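I opened my notebook to look up a few things in this structure. Come along and check each entry with me.

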Amino acid sequence: MKSICVSILITLFAAAEALAGDTGPQPAQPGAETFTLGDFRITSLRDAVNVVPNDGSVFGADVGPKAVAEVLTKAGQTTGAITLSVDALLVRKGGEAILIDAGLGPTIPGALVSSLSLAGIAPEEVTAVLITHVHSDHIGGLVTKDGQPAFKHAVIRISEADWDWLHTQPAMAEITRVIAPQVKTFKPGEDVAMGIKSVRIPGHTPGHVGYMISSQGKTLLDVGDTVHSSIVSLAKPDWAMGYDSDLAVGEASRRGVLTKLATDHQLIFAPHFPYPGVGWVVSTKDHFEWLPKK
Ligand SMILES: [Zn+2]
């Protein structure tokens with residue numbers, strides 16, 4: 001299992017892994033911040049952090065590290081690396097406990113199960129896991145360190161296109177085998193759980209989706225990996241993002257989605273924004289800024 005997990009991480013974080021020291025995925029303290037949305041209880045769950053080097057391989061893949069450094073400096077940040085949070089979301093009502101994304105899993109190790117525990121939920125109480133896309137920082141936590149299903153009573157919902165794509169990746173073969181009996185695929189746009197509808201957001205992976213959560217007229221959109229950095233992704237949405245499987249489609253998606261989010265004043269959860277990752281995208285001239293929910 002260990003070698004499988006290592007392979008998975010190398011697949012996603014090859015650039016970060018190549019640099020020694022304090023880049024790449026790293027452990028974080030558990031965290032569980034809960035708020036209400038209509039009659040749902042929503043909890044942002046902390047899993048890990050990912051320190052991405054500013055070397056032109058991920059952020060600003062088409063403009064280079066100097067241009068990225070200028071944006072970071074303007075925002076008062078250091079310029080050598082960009083620290084991303086890795087978080088997940090829990091949606092509860094009655095006996096339902098729905099997890100959206102499952103974190104990095106045992107290799108780091110991720111803090112997701114500890115964060116769930118802070119929220120009062122044991123892994124076997126999770127009724128469904130909705131996956132935004134099948135990168136390892138979103139599905140790694142679907143298995144335990146012993147290679148067993150981490151949420152054994154949950155249905156796992158994955159878009160058809162991403163489930164097909166996962167089967168083409170040798171490094172993900174073991175996790176794919178373990179979760180297969182629990183997986184139920186869907187077409188983007190379908191309702192996938194109580195009050196939760198999948199929303200197609202193309203570019204990051206073949207079947208990447210967000211999830212619109214609705215209750216009593218209130219809504220929250222989990223945007224998945226439409227955006228990664230609350231600074232760079234919003235200041236320069238048209239720059240190429242090295243994690244996107246289709247760079248051009250990813251750029252167009254990001255600009256389009258951010259424009260709509262700002263226009264609609266839509267509350268969002270962004271799993272890689274600073275924890276807890278809940279707030280609004282605000283439009284300013286030709287770019288966007290992040291307004292965290294207090
Ligand atoms: Zn991600």
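**Entry on the zinc site.** I began with the spacing of the zinc ion's donor residues in sequence, which reads D-H-x86-D-x46-H. I noted that the model is a predicted one. The protein donors are Asp137 (OD), His138 (NE2), Asp225 (OD) and His272 (NE2), and they lie 2.1 to 2.3 Å from the zinc ion. I then looked up the angles among the 4 donor atoms: they run from 88 to 161°, and the site is irregular. Four donors count as tetrahedral only if all angles lie between 85 and 135 degrees.

Are His138 and Asp225 buried or exposed? I found both of them buried.

**Entry on aromatic pairs.** My count came to 2 aromatic pairs. In one, the ring centres of Phe273 and Trp290 are 4.8 Å apart and the planes stand at 75°, so I wrote the pair down as edge-to-face. Phe273 belongs to the loop between β13 (268–269) and β14 (278–284) and Trp290 to strand β15, so the pair ties together parts 17 residues apart in sequence. Phe273 and Trp290 are both buried.

**Entry on the largest pocket.** I looked up its volume, about 360 Å³. It is lined by 16 residues, and the closest to its centre are Val71, Lys74, Ile231, Ala235 and His287. Which element gives the largest share of the lining? I found β15, with 4 residues. By class, the lining has 8 nonpolar, 2 polar and 6 charged residues.

Notes:
Residues are numbered from 1 along each chain as its sequence is written. This is a predicted model: local features need pLDDT of at least 70, side-chain atom pairs count only at pLDDT 80 or more; totals for chains, interfaces and linings use all residues. Side-chain values use heavy atoms; hydrogens and water are left out. On a 1 Å grid over the protein atoms alone, a cavity is a set of points where a 1.4 Å probe fits but cannot get out, and a pocket is an open set with protein on both sides within 12 Å along at least five of seven lines; lining residues have an atom within 4 Å of a point. Grid points are joined across faces, edges and corners, and a volume is the space filled by probe spheres set on the points. Helices (H or I, at least four residues) and strands (E, at least two) are DSSP runs, numbered from the N terminus. Ala, Val, Leu, Ile, Met, Phe, Trp, Tyr, Cys and Pro count as nonpolar, Asp, Glu, Lys and Arg as charged, and the others, Gly among them, as polar. Rings of Phe, Tyr and Trp (its six-membered ring) pair if their centres lie within 6.5 Å; planes under 30 degrees apart count as stacked, over 60 as edge-to-face and the rest as tilted. Buried means under 20% relative accessible area, exposed over 50%, partly exposed in between (1.4 Å probe, protein chains only). Donors are N, O and S atoms within 2.8 Å of the metal (3.2 Å for Na, K and Ca); water is not among the atoms, so sites may look incomplete. Four donors count as tetrahedral if all angles lie between 85 and 135 degrees; four count as square planar and six as octahedral if opposite donors are over 155 degrees apart and all others between 65 and 115; anything else is irregular.
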